[in-house]
Amino acid sequence: PAKRNAVTYDMWVALGDASSRLAGDPSVRVVVLRGAGEHFCAGADITELLADRPAGAPSFMDVNMAAEHLLATLPKPTVAVVQGDCIGGGCALAIDCDLRLVVDGARFGITPAKLGIVYPPPSLERSVRLLGPAAKRLLFTGDLIDAAEALRIGLADELLAADQVEERLDELCATLVQRSLLTQAATKEMIAAVTEHGVVSADLADAWAREATMSGEMAEGVAAFRERRA
């Protein structure tokens, strides 16, 4: 928190490990990502970008990209709660999540142009899929935008006062856990396919159809509807 949650090498590794563990834990239905203290995340820890690593060790960029991929593809709903600064790699982490609850006063920026970094293609692709043409301005300038502008361009799903966010987070998570995880996981993967390729492939559609048939989810959903319960 003292460094606005700037992400170190070890933190990227830990985030990837946590994402893998949560993906495989059947007791986990929703994952919430948030920063300790007053800020979400000020980005990658710049002091570690060019640090020497032991021979054969993954680079800083390697562990960064691995963690982001595992978070972005985690087969459960993910919610970022963004307060304070959400900049650079921090903004990428928020974009990796499915939904973003934003506290009024938050600031966003995508800042590789300030460091002479070519933004990693996977992070760029996810930014463009979410923000469309607005991604270009953020990437070209590195300028910070406020929470209201983030809501306007689709970077925020909801803008909340600081005293509203915990109640809204609890309400949203309660809703998500009462819905079908099968539906959520299938929808997440198929939306990713549509945004990347324009269509859901026949193989992917067939795989989820088989999963739905074997799961018994529809029978449970119909029973819940008839019994007027979640």
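Guide: Like charges are joined within 9 Å, and nonpolar side chains (Val, Leu, Ile, Met, Phe, Trp, Tyr) within 5 Å. Accessible areas come from the Shrake-Rupley method with a 1.4 Å probe, and for residues only the protein chains shown count as cover. The model here is predicted: local features need pLDDT of at least 70, side-chain atom pairs count only at pLDDT 80 or more, and totals for chains, interfaces and linings use all residues. Residues are numbered from 1 along each chain as its sequence is written, and side-chain values use heavy atoms, with hydrogens and water left out.

Visitor: Which residues make the nonpolar surface patch?
Guide: Ile46, Met61, Leu115 and Ile117 make the patch, of about 320 Å². Leu115 sits in the loop between strand 5 (107-109) and helix 4 (121-131). Helices (H or I, at least four residues) and strands (E, at least two) are DSSP runs, numbered from the N terminus.

Visitor: Where does Arg4 lie, and what is its phi?
Guide: Arg4 is in the segment before helix 1 (9-23). Its phi is positive, about 55°, although Arg4 is not a glycine. Asn5, in the segment before helix 1, also is not a glycine and has a positive phi of about 60°. Arg4 is partly exposed because its relative accessibility is 35%, whereas Asn5 has a relative accessible area of 13%, so Asn5 is buried.

Visitor: In what order do the three strands form the open sheet?
Guide: Strands of a sheet pair through backbone hydrogen bonds, either parallel or antiparallel. Two strands count as paired if DSSP finds at least two bridges between them. Here the order is 3-5-6, with mixed pairing. Strand 3 (85-87) and strand 6 (145-146) are the edge strands, each pairing on one side only. Strand 3 pairs with strand 5 in the parallel sense over three bridges; Asp85 has Arg107, in strand 5, as its bridge partner.

Visitor: Which helix packs on the sheet?
Guide: Helix 3 (residues 89-96) does, touching strand 3 and strand 5. Contact means heavy atoms within 4.5 Å. The direction of helix 3 makes about 90° with that of strand 3. Axes are lines fitted to C-alpha atoms, for helices over the stretch in contact, and angles run from 0 to 180 degrees between N-to-C directions.

How values were computed: Patches are made of residues with over 30% relative accessible area and no salt bridge: like charges are joined within 9 Å, nonpolar side chains (Val, Leu, Ile, Met, Phe, Trp, Tyr) within 5 Å. A salt bridge is a side-chain nitrogen of Lys or Arg within 4 Å of a carboxyl oxygen of Asp or Glu. Buried means under 20% relative accessible area, exposed over 50%, partly exposed in between (1.4 Å probe, protein chains only).
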